[in-house]
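Student: I have a structure open and would like to learn to read it. Can we go through it feature by feature?

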Amino acid sequence: MGRIKTIARRSFLVGSAAILGGVAFGTYMYKREVENPLEAGLADGEVTFNPFVKIDAKGVTLITPRADVGQGAYSVQAHLIAAELDVDLDQVRIDPGPPSAAYYNGVVAVEGMPIAATSETFLARAGRGASDVVGKLMGLQLTGGSSTVPDMYDRLRMAGAVARETLIAAAATQTGLAVDQLRTEKGAVVLPDGTRLDYVDLAAVAVETPVVEDVVLRDPAIWQSLGKPHQRTDILAKSTGTQEYGIDLKMDAMVHATTRTNPAIGGGILGFDATEARTMRGVQAVLPITGGIAVVADNTWRAFQAADAVACEWGPSPYVGDTKQQFAAVAESFIEERQDSRFKDEGDVTAALETAETVLEAEYRIPYLAHAPLEPMSVVVKLSADRLDIWTGTQIPRFVQDGAAALSGLDSDQVHLHVLMSGGSFGRRLEDDYVRQAVEIAMQLPDTPIKMVWTREEDMTHDFPRPLAMSRARGAVADGAVQGFDLSIAAPSVTESSLGRLGQPAMGPDVAIVAGAWDQPFAIPHYRVTGYRVPAMVPVSSWRSVGASGNGFLHESFMDELCHAAGVDPLAERLRLCSDDLSRAVLEEVGKMSDWGRDLGPKRGRGLAFTLAFGVPTAQVVEVSDTPDGIRIDKVFVVAEVGRVLDPVNFEAQLSGGVIWGLGHAMNCELTYEGGVAQQDNFHAFEAMRLYQTPQIEVRGLENGEKIRGIGEPGVPPAAPALGNAIFAATGQRIRELPFSKSVDFA
């Protein structure tokens, strides 16, 4: 990217996607500026230039509104502002800011549109622009879909540049010098004689200075930190155990609560007996809440113990309650009446399959998966007559605010949400169910600060998991080449389930059902991908990389089967079929890194997988050994194209973490249900990759594309198929169901 340009101040309020997409939307509601939430309550001498920068007597505050759930979002947002504002991050405060429409996400809605990342047609550009319109009109403040950097890259740089140029103008007013005689350096405007005017000292003058509306962004070539290895702002605290998460919050006179609700989510409670629990040490109250009970005590452990002592009579499961029956419902959904989408339909697949020399058929399955963040759901609330305060980590602050307001009977502006660092999420904090429970408790205990924490068992059994899914694939090979690929995927709708809980409509086909499959950049002559919507069963939600998390396995495992059936090298055939230059470069690079084609020796194998997800072409090669103790994963090579690597250290960490996350779940993890209840209720039954099993991971980022992309999720989808393809190469065993531990042991 690396372009220098003049951008109007309104762009960081309107957003960049509609402007850069080349589409103009003329509605008044879209074009008008969004209110700056920092202007409310400014004291004398305090100044804000836009929703992202505030200066007061204590210093400079940078607003980083995209949630940090472990991916380094606060750090990269702060660096983007600081690169233009010309401050070091040890000079500033970083704050996630209040819930506000000014912090809407103009990029994330694209993931719900049938727009291939490789398409540059007028309709594709218009759709990307429409995403910004939707985000702004809805005030969609949301973190997800690897959208933080793509959405904020220009907006935050512009915010920093506007503040910088306005401070220079203020200094010019104060000194009588011309603007072009002044420069900035490390939080100060510098005069020609070297005198430094600190930003803090200029704040009072800047209040009266007209905001500079047109700015020139700095050339990335002169960036001091961005694009170079640097330390994330939270690394020291996290490395020393001093980082405070939501679960660590303490307040004077605080009581502690936990909840138990029907483990068959939505089943309700018929009655309960709390006689024993109310006599237990430290217990202050046992309260009814929707679907269950809450226990309030003088510490969390006592609340946990008392909650277990409450005898609850649960209502029946409201959905198909057993995993075997659930998969049967998926299998029954490959019918015309349940067809949800067919975004890819090229050539004549039916004819190709009827006339092919060789036709392959295969069925693949993926299970439900829990989010299982290390920090279980937790929140602190305090309700008074006309004010509700909420302290928690969340990816959906405005939805949390509005939901709490509706439940408590307050107006939204009476709900004060304080967003905290999250100890993981992987999509779980896109929900507000745990906050609603805490508000119900607070309504029965007003004027009391209440910390509500779930047990690990409550967290696991009340998760909204990644949905199960099944694919039925048919393929044609002839003349040593893949000629036809017909992939059908059936799954429940994440979008319908998630938006329904937030009171939002889900319109049209659910792209998530086929994401990471329909939009792959391969010019197969006869190529079709069809999505089928399974009727709602277990309530489901977004999981790290959403639909692509499973569809990468469904698509790339069968692609590998077709390559072997055609007698062609899997990398060479993908390169031959690849229709996108950026994706081809990724495949070529992973081949070079892994020395693809080199003989690994007996009982060893190498597997390749590629997935284009969230606009990021990502390829992985996994090497394994078949040992007497089971399959050992030796090494992983991963390459991704993101346009610009803003933080090389965190880039490597995020891709490596995605690989480990993807491999660990593919090896061992699944949620199964009996009577509507999840059977895996803690980490002993939902085992991730162990430290001794973790392979050496070699990462490379390419910067050939013009578009800035995010990297939090794209490392996940290729991991499972690359491992499965490697196991096949080493053993000859083709595994078509996850987790792999159902079929093989791991060393």
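Student: Is Arg183 buried, exposed or partly exposed?

Tutor: Start with relative accessibility. A residue counts as buried under 20% and as exposed over 50%, with partly exposed in between. Arg183 has 45% relative accessibility, so Arg183 counts as partly exposed. One caution before we go on: this is a predicted model.

Student: Which residue forms a salt bridge with Arg183?

Tutor: Glu185 does, and the closest N and O atoms are 3.5 Å apart. Glu185 has 33% relative accessibility, so Glu185 is partly exposed too.

Student: How many salt bridges are there in the whole structure?

Tutor: A search finds 47. Take the one between Arg736 and Glu561, where the closest N and O atoms are 2.9 Å apart. This pair links distant parts of the chain, 175 residues apart. Arg736 sits in the segment after α21, and Glu561 sits in helix α17. Now compare the two ends. Arg736 is partly exposed, at 32% relative accessible area, whereas Glu561 is buried, at 9%.

Student: Which residue forms a salt bridge with Glu623?

Tutor: Arg604, with the closest N and O atoms 3.7 Å apart. Glu623 is in strand β25 and Arg604 is in strand β24, 19 residues apart. Glu623 is buried, at 4% relative accessibility. Arg604 is partly exposed, with a relative accessible area of 26%.

Student: Which residues are linked with Glu623 and Arg604 in a network of salt bridges?

Tutor: Asp595, Arg598, Arg606, Arg632 and Asp634 are linked with them in that network.

Student: Let us turn to sheets. What is the strand order in the open sheet of 5 strands?

Tutor: First, the general idea. In a regular strand the side chains alternate between the two faces of the sheet. Here the order is β15-β23-β22-β21-β16, and the pairing is mixed. The edge strands are β15 (339-346) and β16 (358-366), each pairing on one side only. From one strand to the next, the twist averages 10°.

Student: How many bridges join β16 to β21?

Tutor: There are 9, and the two strands run antiparallel.

Student: Which helix lies across β16, β21, β22 and β23?

Tutor: Helix α17, residues 548-566, which runs at about 155° to β16.

Student: Now helices. Which residues of helix α11 are buried?

Tutor: Here is the idea to keep in mind. An α-helix has 3.6 residues a turn, so residues three or four places apart point the same way. In α11 the buried residues are Thr323, Gln326, Phe327, Ala329 and Val330. Seen down the axis of α11, they fall within an arc of 155°, so they line one face of the helix.

Student: What do the buried residues of α11 pack against?

Tutor: They pack against β16, β21, β22, β23 and β27. Focus on Gln326, which is buried with a relative accessible area of 0%. Beyond residues up to four places away in sequence, Gln326 touches Val320, Gly321, Tyr368, Leu468, Met537, Val538 and Tyr673.

Student: Why is strand β12 said to be largely enclosed by the rest of the structure?

Tutor: Count its buried residues. In β12, 5 of the 7 residues are buried, so the strand is largely enclosed. β12 pairs with β13 in the antiparallel sense over 6 bridges. Val283, for example, has Ala297 as its bridge partner in β13. The hairpin has 2 residues between the strands, and Gly291 takes a positive phi near 80° there.

Student: Where is Pro210 found?

Tutor: Pro210 is in the loop between α7 (199-207) and β9 (214-216). Pro210 is exposed, with a relative accessible area of 64%. Between the C-alpha atoms of Pro210 and Ser493 there are 49 Å.

Student: Last topic, confidence. What is the mean pLDDT of the protein chain?

Tutor: The mean is 94, and 96% of the residues reach 70 or more. Over residues 1-29, however, the pLDDT is below 50. Where pLDDT is low, the predicted coordinates should not be read in detail.

Terms used:
Residues are numbered from 1 along each chain as its sequence is written. Side-chain values use heavy atoms; hydrogens and water are left out. Two strands pair if DSSP finds at least two bridges between them. Helices (H or I, at least four residues) and strands (E, at least two) are DSSP runs, numbered from the N terminus. Axes are lines fitted to C-alpha atoms, for helices over the stretch in contact, and angles run from 0 to 180 degrees between N-to-C directions. Contact means heavy atoms within 4.5 Å. A salt bridge is a side-chain nitrogen of Lys or Arg within 4 Å of a carboxyl oxygen of Asp or Glu. Buried means under 20% relative accessible area, exposed over 50%, partly exposed in between (1.4 Å probe, protein chains only). The arc is that of the directions from the helix axis to the C-beta atoms. pLDDT is the predictor's confidence in each residue, from 0 to 100.
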